[in-house]
Amino acid sequence: MDGDSTPRTVNRHVIGVIMRKPRVIIYDDDVSLLKWLEARFTGWGYEVFSYRTTVICPVNGNSAQDCKFQAPCADLMISDFLMPQMTGTELFWRQAERGCKVAKKAIMSICSEERLLRLCEDSGYRYFEKPFDYEELAGWLTDCETNFDLSKQLGGRPAEARHEFRPDMESCLNSSGRQE
């Protein structure tokens, strides 16, 4: 990934109009990939909300029945396919049942079987095979960004993710809590 250190930025300069940052919500239980995606999207000028678990509605919470906003809560959503609680496609379907208005969604997976590819295509989700090609992701974002209207506010602010402590990470920390 030679080009991954060169940040792309979204053009938000329109005379007389206050432009917001584009917003992405990312779901992945792989902490290292999640942190990498957070860093990339932040470098590209995005407001990033990331979750290690599936949160059906990051704005209204999992218990909310319907989306109460007229506008989407994000410009993009990206989810790993194999999440612990449900698949990424199931997450997106549950969001759609509740009236989620985020139009651009992508699924990432190490599995590239024909059934999953067809499922993503039929559902309108972009599919990225892990490890994904950086240029392919950047190309998809460029296409998506042409449809963003950054002069319009989004429909709510997702809750900040709280990353829980993982026992398998304990061996990386010494008794003072510092990484060894």
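Start by selecting Phe-148: at 14% relative accessibility it counts as buried (under 20% relative accessible area; exposed is over 50%, partly exposed in between, with a 1.4 Å probe and protein chains only). Keep in mind that this is a predicted model, where local features need pLDDT of at least 70, side-chain atom pairs count only at pLDDT 80 or more, and totals for chains, interfaces and linings use all residues. Residues are numbered from 1 along each chain as its sequence is written, and side-chain values use heavy atoms, with hydrogens and water left out.

**The aromatic side**

Helices here are DSSP runs of H or I with at least four residues, strands are E runs of at least two, and both are numbered from the N terminus. Trp-44 and Tyr-134 are both buried.

Now go back to Tyr-46 and Phe-148, an edge-to-face pair with 6.4 Å centre to centre and 80 degrees between the planes. This pair also links distant parts of the chain, 102 residues apart, with Tyr-46 in the loop between α1 and β2 and Phe-148 in the segment after α4. To widen the view, select Trp-36, Phe-41, Trp-44, Tyr-46, Phe-128, Phe-132, Tyr-134, Trp-140 and Phe-148, which form one aromatic cluster.

**From ring to charge**

Stay on Phe-128 and bring up Arg-126, which lies over the face of that ring at 4.5 Å from its centre (the rule: NZ of Lys or CZ of Arg within 6 Å of the ring centre and within 35 degrees of the ring normal). Arg-126 also forms a salt bridge (a side-chain nitrogen of Lys or Arg within 4 Å of a carboxyl oxygen of Asp or Glu) with Glu-136, the closest N and O atoms being 3.2 Å apart. Arg-126 is in strand β5 (residues 126–129) and Glu-136 in helix α4 (residues 134–145), so the pair ties together parts that are 10 residues apart in sequence. Arg-126 is partly exposed at 27%, and Glu-136 is partly exposed at 33%.

The whole structure has 10 salt bridges. Next, select Glu-90 and Arg-94, whose closest N and O atoms are 2.8 Å apart. They are 4 residues apart in helix α2 (residues 88–97), so about one helical turn separates them. Then pick Arg-118 and Glu-114, with closest N and O atoms 3.7 Å apart. Arg-118 is partly exposed at 42%, while Glu-114 is exposed at 52%.

**Last stop**

Finish with Leu-37, Ile-78, Met-108, Phe-128, Phe-132 and Leu-137, which line the second largest cavity.

How values were computed: 1 Å grid on protein atoms, 1.4 Å probe; cavity = no way out; pocket = protein on both sides within 12 Å on 5 of 7 lines; lining within 4 Å. Phe/Tyr/Trp six-rings, centres within 6.5 Å; stacked < 30°, edge-to-face > 60°.
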